[in-house]
Amino acid sequence: MAGDPRRWQIGLVGYGEVGRILAEDLRQQDIKVSAYDIKLGGLQAAPLKGHAAKFGVVLAASHAELTAKSDFIISAVTASQAVPVAKACAAAINQGTWFLDFNSASPGAKQRAAALIDGAAGRYVEGAVMTSVPPYRIKVPLLLGGPGARELEPLLNAIGFAAKVASDRLGVSSAVKMCRSIMIKGLEAMVIESFTTARAYGVEDAVLASLAETFPGIDWEKQGAYVFQRVIEHGRRRAEEVCEVAETVREAGLTPWSAQGTAERQAWVADLADEGLFGPRSTEDFARSADWRTEADRILAKINRTK
């Protein structure tokens, strides 16, 4: 493997929103990038292929094909697939190849994934993405963990990442991420539930005024619109992540009452989105309403129709 990370062949497992953003920022540096996503074999392949063609990303036909030709692999899939992807990549990984697990999985899941990669002579490092990727892009705050984290940190930062070592022990950075998600994803679920209920009773202005008085640093109108947008578009992925959050809570010996409720609410919104309640996903204005009331009214109309 080349010592200079700018000469790496980087493989992206998962070519969703995060994978495409990373691909764009890496390709701007003329770094070679290839990608594999299970959606390439289905009806959702066209936009992925179009994006790859536009940015010069080589698409692989399988995990094995991608892994075999990569010096550095980033796994950015849904939380439930973190361990299966590690298993699929371990079957073909070359000795010494770095494997950065970008996924929002529990410390236990990260440790299982590490055992698979390290057991196949790869070099596993866990990564915990500490906020939403789109505003920061490749420079999203990233906590690294594991025995190889300190060696990988400067290599990542040399190609544009904003990585920082959290611990030499696996599971620590993921625990930080998971505990944060109890709050962040939970707040999203509470905003959806609180604002939609307030709209049903016609008291949303009074509720937002009260929130603004209690939390004056937050623009609740703007935050409400952003939360509805993100949960409508990414609720399924968020629900899977919070299932991992719940597992993290269980691993600590607690019952994840809050996390379970958050996962259910996120999945509920995702189900409505899949039904087309918020419009077709293929359109540019999907999940882009600047007024959360528009989406809340759609939810309430759906509820009233099914009463």
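**Ground rules.** I number residues from 1 along each chain as its sequence is written. As the model is predicted, local features need pLDDT of at least 70 and side-chain atom pairs count only at pLDDT 80 or more, while totals for chains, interfaces and linings use all residues; side-chain values use heavy atoms, with hydrogens and water left out.

I found an open sheet of eight strands, ordered 3-2-1-4-5-6-7-8, with mixed pairing. Strand 3 (58-59) and strand 8 (162-167) are the edges, each pairing on one side only. Strands here are DSSP E runs of at least two residues, helices are H or I runs of at least four, and both are numbered from the N terminus. Two strands pair if DSSP finds at least two bridges between them. Strand 1 (residues 9-13) runs parallel to strand 4 (residues 72-75), and four bridges join them. Val13 stands opposite Ser75 in strand 4.

**Helix 7.** I then checked what helix 7 (residues 149-158) lies across: strands 4, 5 (98-101), 6 (123-129), 7 (141-145) and 8. Its angle to strand 8 is about 170 degrees, taken between N-to-C directions on a 0 to 180 degrees scale, with axes fitted to C-alpha atoms, for helices over the stretch in contact.

**Gln9.** This residue lies in strand 1. Buried or exposed? Gln9 is buried at 18% relative accessible area (buried is under 20%, exposed over 50%, partly exposed in between; 1.4 Å probe, protein chains only). Beyond four places in sequence, Gln9 touches residues including Lys32, Asp71 and Phe72 (contact means heavy atoms within 4.5 Å).

**Ser132.** I find Ser132 in the loop between strand 6 and helix 6 (133-136). Ser132 and Val18 are 114 residues apart in sequence, yet 9.5 Å apart C-alpha to C-alpha. Leaving out neighbours within four places, Ser132 contacts Val140, Tyr226 and Arg230.

**Rings.** I get six aromatic pairs (ring centres within 6.5 Å, using the six-membered ring of Trp; planes under 30 degrees apart are stacked, over 60 edge-to-face, the rest tilted). Phe195, Phe215, Trp220, Phe228 and Trp292 form one cluster. Arg265 sits over the face of Trp268, 4.8 Å from the ring centre (NZ of Lys or CZ of Arg within 6 Å of the centre and within 35 degrees of the normal).

**Cysteines.** Cys179 is partly exposed at 45%, while Cys89 is buried at 0%.
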